[in-house]
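Subject: Structure handover and notes

Dear colleague,

I am passing on the structure we spoke about, together with some notes from going through it.

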Amino acid sequence: MVSSVFADRPQKKLFLFDVDGTLSLARQSASDEMAEALRDLRKKAVIGFVGGSDLAKISEQLSVNGRNALDDFDYGFAENGLTAYKLGKQLASQSFIKFLGEEKYKKLANFVLHYIADLDIPIKRIAERLEFQAYDQVHGIRAAFVKVLQEKFADYGLTFAIGGQISFDVFPHGWDKTYALKHVEDEGFEEIHFFGDKTYEGGNDHEIFTDPRTIGHSVKDPDDTLRILREHFL
């Protein structure tokens with residue numbers, strides 16, 4: 001049976017959404033149209049976001065028209081669920097640095113910074129996100145970077161996955177987006193739907209998309225998310 005706090009929802013279902021490329025364009029605010037669709041969906045079922053970024057960055061994108069993102073979602077999962085909220089109240093959290101240890105964290109961070117500094121690419125300014133994205137699609141900069149990290153830090157117990165528009169995620173094995181499911185596994189939902197754009201193997205939505213506990217929906221962009229919601233759930 002679904003938790004009594006969600007007894008007002010006609011459907012005993014949970015809808016989880018990736019952020020970048022799913023609810024909004026990378027590092028941009030979600031549209032009014034998306035916010036309205038999510039409000040309509042929330043009248044029927046329970047909704048939540050699950051992103052790899054920290055809560056501050058996710059909130060920037062999902063706080064439409066000055067609203068608090070945590071007020072507009074039943075669940076908020078930042079950093080793959082290591083930081084978690086239910087109905088605006090924080091749940092138990094985990095720390096990546098505490099897991100890895102200060103010494104290993106410094107070695108990893110220093111290696112990443114040196115690797116990026118030594119990259120021989122024509123585009124390095126953060127303002128040129130779209131140009132880098134296009135360049136990366138042709139030259140596979142992030143894929144090569146991830147491969148190097150997997151080899152260099154094979155004994156660290158970490159997973160490296162491409163995510164967002166120009167970034168990649170780093171997290172301990174098992175701390176991918178399926179970690180968020182730990183927070184809802186006792187809620188008794190009949191179905192858990194997940195929407196994400198990086199659902200291919202090596203993408204940071206892949207594990208939760210293919211998890212047997214979820215019904216996965218692969219989207220191309222926020223417009224595609226809206227299309228699926230309107231055609232099947234609204």
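The notes below go from the sheet to the cores, then to the helices and a few single residues. Please keep in mind throughout that this is a predicted model.

**The sheet**

Seven strands make up an open sheet of mixed pairing, and their order across it is E5-E4-E3-E2-E1-E8-E9. At the edges are strand E5 (89-90) and strand E9 (215-218), each of which pairs on one side only. Strand E4 (residues 83-86) pairs with E5 in the antiparallel sense, over two bridges, and Lys86 has Lys89 of E5 as its bridge partner.

Elsewhere in the sheet, E1 and E2 run parallel and are joined by four bridges, with Leu14 finding its bridge partner in Val46 of E2. As to burial, E2 is mostly covered, five of its five residues being buried. In a regular strand, side chains alternate between the two faces of the sheet. For E2, both faces are covered, with Val46, Gly48 and Val50 buried on one side and Ile47 and Phe49 buried on the other.

**The nonpolar cores**

Which residues touch the most other members of the largest nonpolar core? In this core of 28 residues they are Phe15, Phe17, Phe49, Leu62 and Phe195. The elements that contribute two or more residues to this core are strand E1 (13-17), H1, strand E2 (46-50), helix H2 (55-62), helix H3 (69-72) and helix H9 (222-232). Of these, H1 gives the most, with five residues. Apart from this core lies another, of 16 residues, which includes Val50, Phe77, Val184 and Phe189.

Leaving aside residues up to four places away in sequence, Phe195 touches Phe15, Leu16, Phe17, Asp18, Thr22, His217, Val219, Thr225, Ile228, Leu229 and Phe233. Leu38, which belongs to helix H1 (residues 32-42), has a relative accessible area of 7% and therefore counts as buried. With the same exclusion of residues up to four places away in sequence, Leu38 touches Phe17, Leu23, Ile47 and Phe73.

**A helix pair**

Two packed helices are described by the angle between their axes and the distance between the axes. Helix H5 (residues 102-118) and helix H7 (residues 141-152) have axes that come within 12 Å and cross at roughly 145°, and the crossing of H5 past H7 is right-handed. On the H5 side the contact is made by Leu108, Phe111, Val112, Tyr115 and Ile116, and on the H7 side by Ala144, Phe145, Val148, Leu149 and Lys152. Sorted by class, the residues in this contact are nine nonpolar, no polar and one charged.

Gln133, at 24% relative accessibility, counts as partly exposed. Beyond residues up to four places away in sequence, Asp136 touches Ile141 and Arg142, while Gln133 touches Gln165 and Ile166. For a sense of separation, Gln133 and Glu36 are 97 residues apart in sequence and 29 Å apart in space, C-alpha to C-alpha.

**Backbone angles to look at**

Most residues other than glycine have a negative phi. Asn80 has a positive phi, near 65°, and it is found in the loop between strand E3 (75-78) and E4. Leu87 also has a positive phi, near 50°, and its place is in the loop between E4 and E5. As for accessibility, Asn80 counts as buried at 3%, whereas Leu87 is partly exposed, with a relative accessible area of 38%.

With best wishes

Definitions and conventions:
Residues are numbered from 1 along each chain as its sequence is written. This is a predicted model: local features need pLDDT of at least 70, side-chain atom pairs count only at pLDDT 80 or more; totals for chains, interfaces and linings use all residues. Side-chain values use heavy atoms; hydrogens and water are left out. Axes are lines fitted to C-alpha atoms, for helices over the stretch in contact, and angles run from 0 to 180 degrees between N-to-C directions. A crossing is left-handed if the near helix is turned anticlockwise from the far one by less than a right angle, and right-handed if clockwise. Contact means heavy atoms within 4.5 Å. Ala, Val, Leu, Ile, Met, Phe, Trp, Tyr, Cys and Pro count as nonpolar, Asp, Glu, Lys and Arg as charged, and the others, Gly among them, as polar. Two strands pair if DSSP finds at least two bridges between them. Buried means under 20% relative accessible area, exposed over 50%, partly exposed in between (1.4 Å probe, protein chains only). A nonpolar core is a set of buried Ala, Val, Leu, Ile, Met, Phe, Trp, Tyr and Cys residues joined through side-chain atoms within 4.5 Å.
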